[in-house]
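Here are a few notes from going through the model. Have it open alongside as you read.

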Amino acid sequence: MLMNLETLDWDDEILGIMGIPRQMLPQIVSSSQVYGTATGALAGIPVAGILGDQQAAMVGQTCYSPGEAKNTYGTGCFMLLNTGTEIVPSKSGLLTTLCYKFGNQPAVYALEGSIAITGALVQWLRDNLGMITSSAEVEALASMVEDNGGVYFVPAFSGLFAPYWRSDARGAIVGLTRYVNKGHLARAVLEATAWQTREVLDAMEADSGVKLTTLKVDGGMVFNNTLMQFQSDVLGVPVIRPKVAETTALGAAYAAGLAVGFWDNVEDLRQNWQVDRTWEPAMDADRRDREYRFWKKAVTRTFDWVEE
């Protein structure tokens with residue numbers, strides 16, 4: 001948070017505001033170069049890759065071209081869109097961040113959208129309500145019904161993150177009727193992740209002017225086939241799961257491998273990356289638009305709950 005995105009050096013104005021002496025900070029270096037060698041059990045092995053969690057996942061998903069995006073599904077969701085060497089200031093509630101810098105090559109930037117509650121909502125269904133005994137059971141429960149029965153679950157447990165940034169929001173389940181059962185609730189829990197991702201994607205497209213053609217996915221929830229199919233349906237683009245779903249660790253390895261010459265260039269990395277499964281959109285546009293309209297209406301019902 002102290003780095004100037006343009007100079008890639010510590011920002012003197014921010015350092016002054018925070019009262020942090022420049023002398024106490026380390027030197028900023030690229031994401032992929034030899035920084036030194038390890039000691040102990042790994043003595044002599046070069047240390048050659050430095051990437052933050054989500055940036056590492058971008059590298060591991062080989063999202064090296066402008067317009068390529070990935071979404072990591074964990075307790076929350078983190079979606080990044082490559083904007084190339086251009087710094088794109090967000091006007092739609094996203095973060096503008098450095099994505100990676102390989103050696104002496106130009107820095108590559110990204111737009112990032114953070115969603116607070118996704119996989120954590122499944123955990124809430126398990127731990128707080130006791131409707132399931134393991135997170136994996138949510139898919140079978142959701143598969144008992146054909147649709148959400150008109151129910152939408154907005155998990156604003158601690159407010160809403162991107163693109164709203166509303167700390168006054170709180171969670172809401174809307175559209176309840178006597179027809180609704182636990183299967184519909186389970187499906188609404190899964191669908192909440194997909195709809196929140198759709199909202200972040202809309203913000204990214206508005207900021208960047210780039211239309212997404214595919215979404216690469218990773219993280220624990222990508223093995224939920226029902227969710228991945230619905231994600232493809234509501235985005236209207238293919239959703240692609242790689243063979244190596246631990247893309248954060250893979251990205252760090254890619255960065256280090258480039259630095260020591262194990263791989264020559266990013267094309268070698270693209271060749272190494274492999275598809276495990278692809279989901280194609282199957283929902284018609286009218287239904288998608290109607291359900292998305294209901295979702296956005298549900299989101300507005302969470303606003304202004306906290307009065308402070």
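1. Start with threonine 72, which sits opposite phenylalanine 78 in E4. Keep in mind that this is a predicted model. The strands involved are E3 (residues 69–73) and E4 (residues 77–84), which pair in the antiparallel sense over five bridges.

2. Zooming out, E3 and E4 belong to an open sheet of seven strands, ordered E5-E6-E4-E3-E9-E10-E11, with mixed pairing. E5 (95–100) and E11 (275–279) are the edge strands; each has a single partner, so one side of each has no neighbour in the sheet. From one strand to the next, the twist averages 30°.

3. Next, look at what packs on the sheet. Helix H6 (residues 225–235) lies across E3, E9 (215–218), E10 (239–242) and E11, and it runs at about 55° to E11.

4. Now a helix pair. The axes of H5 (residues 182–208) and H9 (residues 285–300) come within 11 Å and cross at roughly 90°, so the two helices are roughly perpendicular to each other. H5 contributes Ala192, Trp195, Gln196, Arg198, Glu199 and Asp202 to the contact, while H9 brings Arg288, Glu291, Tyr292, Trp295, Lys296 and Val299. By class, that contact has five nonpolar, one polar and six charged residues.

5. Finally, is leucine 160 buried or exposed? Leucine 160 is in the loop between E7 (152–154) and E8 (172–174), yet its relative accessibility is 8%, under the 20% cut-off, so it counts as buried. Leaving aside residues up to four places away in sequence, leucine 160 touches Val154, Trp165, Arg166, Ala169, Val299, Thr302 and Phe303. Isoleucine 115 is 45 residues away from leucine 160 in sequence but 7.6 Å away in space, C-alpha to C-alpha.

Definitions and conventions: Residues numbered from 1 in each chain as written. Predicted model: local features only at pLDDT ≥ 70, side-chain atom pairs only at ≥ 80, totals over all residues. Heavy atoms only, no water. Axes fitted to C-alpha atoms, helices over the stretch in contact; angles between N-to-C directions. Helix = DSSP H or I, 4+ residues; strand = E, 2+ residues; numbered from the N terminus. Parallel < 35°, antiparallel > 145°, perpendicular 65-115°, else oblique. Contact = heavy atoms within 4.5 Å. Nonpolar A, V, L, I, M, F, W, Y, C, P; charged D, E, K, R; others polar. Buried < 20%, exposed > 50% of the residue type's maximum accessible area, 1.4 Å probe, protein only. Pairing = 2+ DSSP bridges.
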